[in-house]
Amino acid sequence: EIEEEEEMGMEDSSSLETTLASGVLTVSLPPHGTWVINKQTPNRQIWWSSPLSGPRRYEYDETNQRWVYTRQQQQQQQSDDGASHTTTTTTLGETLREELHQLYQIDLELEI
């Protein structure tokens with residue numbers, strides 16, 4: 001575990017703090033901030049709060065078997081005016097991968 005933290009540029013792991021309570025995962029990575037991941041079982045959603053990307057709500061996409069950012073899906077549907085548009089859907093794994101890369105320059109493959 002310590003080796004993984006060093007590889008991620010997190011040598012001072014004493015400031016790293018995580019808690020899991022009642023389906024809410026809180027991860028504090030000073031000086032970058034605190035991330036909160038909240039499982040909403042009845043709605044089949046995951047609520048995400050990040051100091052980098054802000055609050056987001058992800059819903060499970062049965063077809064692709066991924067957690068998908070719902071607001072981005074709605075924006076894509078609203079912007080469909082018949083013209084050809086190249087769009088991508090942001091998954092929870094993509095968001096997590098991008099933010100960890102931005103902060104620690106590590107590359108992860110996450111299929112969530």
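## A tour from the hairpin to the core

Start by selecting Asp61, which stands opposite Arg66 in E6. This is a predicted model, in which local features need pLDDT of at least 70, side-chain atom pairs count only at pLDDT 80 or more, and totals for chains, interfaces and linings use all residues. Residues are numbered from 1 along each chain as its sequence is written, and side-chain values use heavy atoms, with hydrogens and water left out.

Now show strand E5 (residues 54–61) and strand E6 (residues 66–69), which pair in the antiparallel sense over four bridges. Strands pair if DSSP finds at least two bridges between them; helices (H or I, at least four residues) and strands (E, at least two) are DSSP runs, numbered from the N terminus. Four residues lie between the strands of this hairpin, where Gln65 takes a positive phi near 50°.

Next, pick Ser28 in strand E2 (residues 24–29). Is Ser28 buried or exposed? Ser28 is buried (under 20% relative accessible area; exposed is over 50%, partly exposed in between, with a 1.4 Å probe and protein chains only), because its relative accessible area is 18%. Leaving aside neighbours within four places in sequence, Ser28 is in contact (heavy atoms within 4.5 Å) with Ser15, Leu16, Glu17, Gly33 and Thr34.

Finish with the largest nonpolar core, whose 11 residues include Leu29, Trp48 and Tyr69. Strand E4 (45–50) and helix H3 (92–104) each supply at least two of its residues, and H3 gives the most, with four. Such a core is a set of buried Ala, Val, Leu, Ile, Met, Phe, Trp, Tyr and Cys residues joined through side-chain atoms within 4.5 Å.
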